[in-house]
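Reader: I have a structure open and would like to go through it. Can you take me through the helix packing and then a pocket?
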Amino acid sequence: MLELTKNKLEALKRLSDENGVIGALAIDQRGSLKKMIAAGDASHVGDEGIIRFKKLVSEELTPLATAILLDPEYGLQAAKVRDKNAGLLVAYEKTGYDASDVGRLPDLLPEWSVKRLKEAGADAIKFLLYYDVDEEERINNSKHVYMERVGSECAAEDLPFFLEIISYDARNDDAKSKEYAKVKPNKVIGAMREFSKPQYQVDVLKVEVPVDMTFVEGYTEGEAVYSKEEAAFLFKEQSEATELPFIFLSAGVSAKLFQETLKFAKESGSTFNGVLCGRATWKDGVAPFATDGEQAGRVWLQDTGRRNIEQLNVVLKKTAESWFGKIK
């Protein structure tokens, strides 16, 4: 069971609903969002387009979310226009990774520290780590040391540390392949076990679901990698791999599939404590914004965007567990 300081506990409550469930909205994308906007209309690419879209999402959708995750590079203006009841998570990592180097090594934003992010209004710090539990020891050990440093910095400033783990296979770059689907459970669950260790001082894990749902029997149109029974066992195994509160990321799947995944997780016995949902909520609003302008983007968010998050909230109420029981 996780023991929190009073300040961390109060911060975590600001990021959650009254029942201890996190229904947060993520829009800390930087490079990928820039590409999405540019695909709609090159005239909207650039810093200003990203800042404006993040502000729109914050204005329109945070009244329905418990919190919003933003980046300090483009998102601080969006943080200022969020709903007064929505908490604020701020990303601390540089976007992406150096593909020319091995290991997908993490890096901090050089202009920022946890202290400065706290002064900018952050209720919690989020750090994204790419991790392959089977990578060579030299690479993984450097990541372990890095996360110990981030955890220590968050502890020093008395802010919750949300660690987002994106699994991968160093020997297979195709994360959507059948081959990766076979090894994904070991990658995801193994990483959760590692970073639940006390030396990292993680307060909440933000993780992928342990299977690729597009390869689960009944959810795939092609050949299944997992039967429903096997997938259910893996969701339960994932849940039992940590005593920390953990929340699911949407990983860019459709809103409908993400909602169905949460239902499956609940039925399988997962004790997940909410979501930090990004592209599944707002990604289809980028095209009208980029093509037809700010008002078109706002209209989409007010209609489909709001409906996506309202439907997700209904599912969350039925599926997510309170983190209160994991805290002392």
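Reader: How do the axes of α9 and α12 cross?
Author: In this predicted model, the axes of helix α9 (residues 255-267) and α12 come within 9 Å and cross at roughly 5°. That makes α9 roughly parallel to α12, a label for angles under 35 degrees, with over 145 called roughly antiparallel, 65 to 115 roughly perpendicular and the rest oblique. Axes are lines fitted to C-alpha atoms, for helices over the stretch in contact, and angles run from 0 to 180 degrees between N-to-C directions.

Reader: Which residues make the contact?
Author: From α9 come A255, F258, Q259, L262, K263 and K266, and from α12 come N308, Q311, L312, V315, L316, K318 and T319. Contact means heavy atoms within 4.5 Å. By class, the contact of α9 with α12 has 6 nonpolar, 4 polar and 3 charged residues. Ala, Val, Leu, Ile, Met, Phe, Trp, Tyr, Cys and Pro count as nonpolar, Asp, Glu, Lys and Arg as charged, and the others, Gly among them, as polar.

Reader: Ground rules, please. What numbering and limits apply?
Author: Residues are numbered from 1 along each chain as its sequence is written. Local features need pLDDT of at least 70, side-chain atom pairs count only at pLDDT 80 or more, and totals for chains, interfaces and linings use all residues, while side-chain values use heavy atoms, with hydrogens and water left out.

Reader: At what angle do α3 and α12 pack?
Author: About 45°, with the axes of α3 (residues 47-61) and α12 10 Å apart. That makes α3 oblique to α12.

Reader: And what about α2 and α3?
Author: Helix α2 (residues 31-40) packs against α3 at about 100°, their axes 10 Å apart. The two are therefore roughly perpendicular to each other. L33, K34 and I37 in α2 meet D47, G49, I50, F53 and K54 in α3.

Reader: New topic. How much space lies in the second largest pocket?
Author: About 310 Å³. A pocket here is an open set of points on a 1 Å grid over the protein atoms alone where a 1.4 Å probe fits, with protein on both sides within 12 Å along at least five of seven lines.

Reader: What lines it?
Author: The lining has 16 residues, and D17, V21, T66, N313 and K317 lie nearest the pocket's centre. Lining residues have an atom within 4 Å of a point. The lining divides into 7 nonpolar, 5 polar and 4 charged residues.

Reader: Which element gives the largest share?
Author: Helix α12, with 3 residues. Both β1 (22-26) and α12 (294-319) supply at least two residues of that lining.

Note on methods: Points joined across faces, edges and corners; volume = space filled by probe spheres on them. Helix = DSSP H or I, 4+ residues; strand = E, 2+ residues; numbered from the N terminus.
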